[in-house]
Amino acid sequence: MARSAMWQAAAFFMILFRCSVRGQISYSIPEEMAKGSIVGNISQGLGLDLKRLRSGKARIFAGDNTEFVGLNIERGILLTEEKIDREALCAKTTPCALHLQLILENPMEWYDVTVEITDINDNSPTFPKGEITFEISESAVIGARFMLENAIDLDVGSNCHLSYSLKPTDNFVLSLQSQTDGDRNMEMVLQKALDRENKEQLSLLLTAMDGGEPQLTSTVRIHVTVLDNNDNPPVFNHRVYKATIAENTAKDTVITSVSATDADEGSNAIITYYMSGTGDVNDLFMVDARSGEISLKGTADFEKASRYQINIQARDQGGLSDSCKVIIDLTDINDNIPMISIVSMLNSISEESRPGIVVAMLNVNDLDSGLNGQVHCYINDNIPFAIASSSSFFSLQTDQELDRERESEYNISVICTDEGVPALSSSVSLRVQISDVNDNAPVFEKTNYEACVLENNTPGLSIFSVKASDADWNQNARVSYILEDSTVNGVSVSSYVSVQPDSGLITAMRSFDYETLKHFHFRVKAQDGGSPPLSSNVTVKITIQDQNDNAPQVLYPVQTGGSVVAEIVPRAADVGYLVTKVVAVDVDSGQNAWLSYKLQKATDRALFEVGLQNGEIRTVRQVTDKDAVKQKLTVVVEDNGQPSRSAVVSINVAVADSFPEVLSEFTDFTHEKQYNDNLTFYLVLALAAVSFLFITCVVVIISVKIYRWRQSRFLYQSNLPVIPYYPPHYADTGVTGTLPHGYNYEVCMTTDSRKSDCKFSTLGGQNVLVVDPSFTETMQHTIKKNNSIDGLASTESQKPPNSDWRFPPNQRPGPSGAGVRPDEAGAGAGVIAGTGPWPNPPTEAEQLQALMAAANEVSEATATLGPRYNPQYGPDYRQNVYIPGSTATLTANPQQQVPQQALPPPQALPPAEVPKAAQTPASKKKPTKKDKK
């Protein structure tokens with residue numbers, strides 16, 4: 001196993017080749033190599049540059065053989081295209097080789113490449129039969145021989161050298177005898193006398209082993225039946241018979257005969273002949289079991305095999321046998337014509353080409369042998385071309401100067417003939433065009449085209465192609481197809497069909513209807529690519545074929561839902577009485593419009609029948625009193641299309657002699673119809689009622705939502721106007737009203753500020769007055785509420801404020817600066833200065849000024865809290881006032897304040913309580929440690 005693995009690895013990765021000086025190269029590879037395995041580097045082997053391989057469009061030509069080997073142009077190596085089975089390719093022929101050619105163009109060159117396929121041990125021996133049976137007399141003498149069929153191994157060389165073993169060897173041993181032709185006969189030799197009374201049946205195992213690595217084996221079971229008293233085996237007159245036949249010998253022709261004699265008498269002397277072996281021999285030849293004549297059963301072919309070897313056995317009734325060999329040689333006859341393959345060909349050649357330019361390369365192969373396989377080729381005369389040969393390759397070359405104005409193209413017939421008697425030949429036509437100018441317009445293959453299309457086709461269906469050819473070459477012969485503009489039934493033809501510019505394929509753009517359009521015409525123009533372009537046109541007729549797409553229509557009886565129509569049949573009606581006739585039509589044509597009538601359902605099928613072709617409804621039998629008065633028939637009208645379509649008609653038949661009897665019997669039809677009409681009316685009424693209730697509920701819900709929304713907006717509305725937005729930092733630098741200092745305010749409002757919070761805020765530690773969204777009072781009520789909150793806060797016990805909170809009297813806020821000191825008003829210690837009642841009803845402007853003054857006091861008080869806050873590090877904050885409903889927007893920066901009168905020293909001010917800002921939701925928070933300090 002190790003040696004075999006090493007050998008296979010070496011075979012895969014070490015490819016042996018040799019290169020001859022005459023452009024030939026050989027490689028050797030083992031069979032069963034995987035697809036894509038490297039055969040060899042042909043670029044290095046032939047000394048060809050990779051650029052030459054690419055520019056010459058190098059390719060491998062395999063002739064009639066399957067392309068087992070391919071060429072990788074980019075790497076310049078040969079690769080296996082598929083697994084190669086040497087036994088399937090060459091059978092027993094050695095050596096087995098692929099003969100290939102490497103073809104190059106510009107200029108044309110070729111090289112012979114031979115790839116030898118070596119055998120590996122991939123086939124185990126096989127015996128022709130699954131088991132072998134012998135009947136041997138017990139009187140058989142020791143040394144009697146019994147012929148065994150050799151096993152077959154499809155491998156070659158040492159892999160097919162077989163050895164055999166026989167077990168057990170109590171009675172028989174195995175004997176192998178070599179023949180002059182190298183074959184060996186295998187016989188089973190009796191070495192111990194048989195005793196039927198002791199053992200009637202013997203079972204032996206024959207094993208065949210080949211000589212490959214790893215060794216493969218096969219076995220067959222031998223059954224021996226012991227008979228009585230047959231002590232003389234048959235003996236052939238010759239050990240080897242020879243015969244010769246021609247390969248065209250007819251079937252059943254007797255080739256030769258074999259003969260054997262037996263010294264026994266009676267039934268033991270009756271000899272039977274048969275062939276041993278399998279495969280082509282048994283399929284091709286047969287032997288007569290009684291006479292020994294060998295005849296041809298199949299067709300012999302010298303090209304497949306030139307010699308056949310047949311093993312014939314003669315066996316008597318006692319089981320004794322002998323064998324001989326028949327060798328049949330075939331003689332070749334000239335029965336194969338030369339096979340011509342175009343290896344390479346130039347489609348066009350310039351008229352300036354010099355003599356000696358290769359135009360085409362041909363490979364010619366004749367399967368016959370000897371003179372029958374020798375081929376020579378020639379071409380027709382009076383053309384500026386000649387043919388040259390090299391082995392099995394022939395090249396067509398220019399022989400004279402070319403002139404396109406004299407001949408634009410040449411149709412060259414190459415004829416190849418063998419040397420057989422009679423000679424066989426074959427030919428091939430080559431068309432060579434000469435480069436030209438654009439002097440030929442495209443020509444259509446037909447003067448007009450017709451095509452048929454089934455109706456109801458899918459848009460985009462390819463109908464057929466128009467084809468035009470141009471006698472010019474290259475760009476001048478490049479044809480484009482154009483649909484000429486025209487109308488069909490007043491509509492542009494381009495909405496019906498389109499033409500592919502390159503291929504001329506005509507495609508349907510819509511679905512056709514035979515009933516509205518049966519055929520139409522249009523023109524297609526073919527235009528070449530020359531300059532100026534030349535063109536020609538052709539008329540195309542499209543015929544629409546009918547399809548069974550319409551169901552039959554019943555004209556009579558008319559199906560109405562308003563009343564019941566009945567055909568009256570008297571009870572005295574005889575057989576064949578015409579009841580009525582169903583009349584129907586089909587708008588289709590042809591067999592699609594052929595109608596047939598069938599009775600699908602009837603109250604009494606035995607009473608009526610329908611004419612298959614005419615639709616006549618007649619009575620089948622005599623009408624009796626037992627027949628029901630009310631009869632209902634259902635007739636199916638079916639067309640003859642594929643698939644067929646049908647229509648159904650219901651017919652009421654009254655079997656009665658008087659009209660009152662008919663009327664009484666058919667009243668239930670009217671009641672049933674009325675019942676169905678009433679049911680439909682009730683269903684429609686119920687659906688309308690449910691829809692009305694649903695719409696009413698939706699309208700009510702939407703109304704309630706709108707009402708609640710409007711109520712909420714009404715509660716938040718105010719009489720104050722909406723404050724528009726102004727840019728920030730609007731500065732009011734003047735000292736007006738009762739405000740002693742100039743302040744900047746930034747007001748941020750929205751168009752819906754009437755419902756927003758009103759906030760007085762400052763940066764850092766400023767107090768904030770916040771009004772919740774639920775606050776809907778006017779500005780006057782807000783000011784009063786803030787004053788009351790301040791009054792309540794002043795009554796609470798507080799720590800003495802810092803002396804910095806004192807203000808001169810003239811700085812107190814109030815209407816027109818008329819504030820009163822606390823001591824002058826007689827107020828207690830808990831009363832906040834400037835919070836007394838208004839002397840007169842304040843105006844709206846005064847209320848606004850008071851509110852802003854209160855904010856100023858809070859700001860100044862915060863700015864003077866304690867000496868621990870250094871003024872130079874004081875925050876540069878702005879006072880932000882949010883005033884809902886006001887049109888004033890005040891914005892300023894502390895840097896823009898005008899010089900004001902300085903405050904008197906804190907020591908000179910009378911003690912006063914610090915005014916507290918109103919508690920708002922925004923300021924109601926737990927005091928921090930810093931606040932407590």
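Lys-83 is exposed, because its relative accessible area of 53% is over the 50% cut-off. The structure is a predicted model, and the mean pLDDT of its protein chain is 75.

**Surroundings of Lys-83**

- Lys-83 sits in the loop that runs between β6 (77-80) and α4 (86-90).
- Beyond four places in sequence, the residues touched by Lys-83 are Glu-32, Met-33, Ala-34 and Phe-68.

- Thr-80 belongs to strand β6.
- The side chain of Thr-80 comes to 2.8 Å from the backbone oxygen of Ala-34.
- Contacts of Thr-80 beyond four places in sequence are made with Ile-29, Ala-34, Lys-35, Gly-36, Ser-37, Val-39 and Phe-68.
- Ala-34 and Phe-68 are among the contacts of Thr-80, and Lys-83 also touches Ala-34 and Phe-68.

**Confidence along the chain**

- A pLDDT of 70 or more is reached by 71% of the residues.
- Over residues 1-22 the pLDDT stays under 50, and the model has 32 contacts beyond four places in sequence for this segment.
- Residues 788-839 likewise stay under 50 in pLDDT, with 72 contacts beyond four places in sequence.
- Where pLDDT is low, predicted coordinates should not be read in detail.

Note on methods. Residues are numbered from 1 along each chain as its sequence is written. This is a predicted model: local features need pLDDT of at least 70, side-chain atom pairs count only at pLDDT 80 or more; totals for chains, interfaces and linings use all residues. Side-chain values use heavy atoms; hydrogens and water are left out. pLDDT is the predictor's confidence in each residue, from 0 to 100. Contact means heavy atoms within 4.5 Å. Helices (H or I, at least four residues) and strands (E, at least two) are DSSP runs, numbered from the N terminus. Buried means under 20% relative accessible area, exposed over 50%, partly exposed in between (1.4 Å probe, protein chains only). A polar contact is a pair of N or O atoms within 3.5 Å; within protein, one must be able to donate a hydrogen and the other to accept it, and residues adjacent in sequence count only if both atoms are side-chain atoms.
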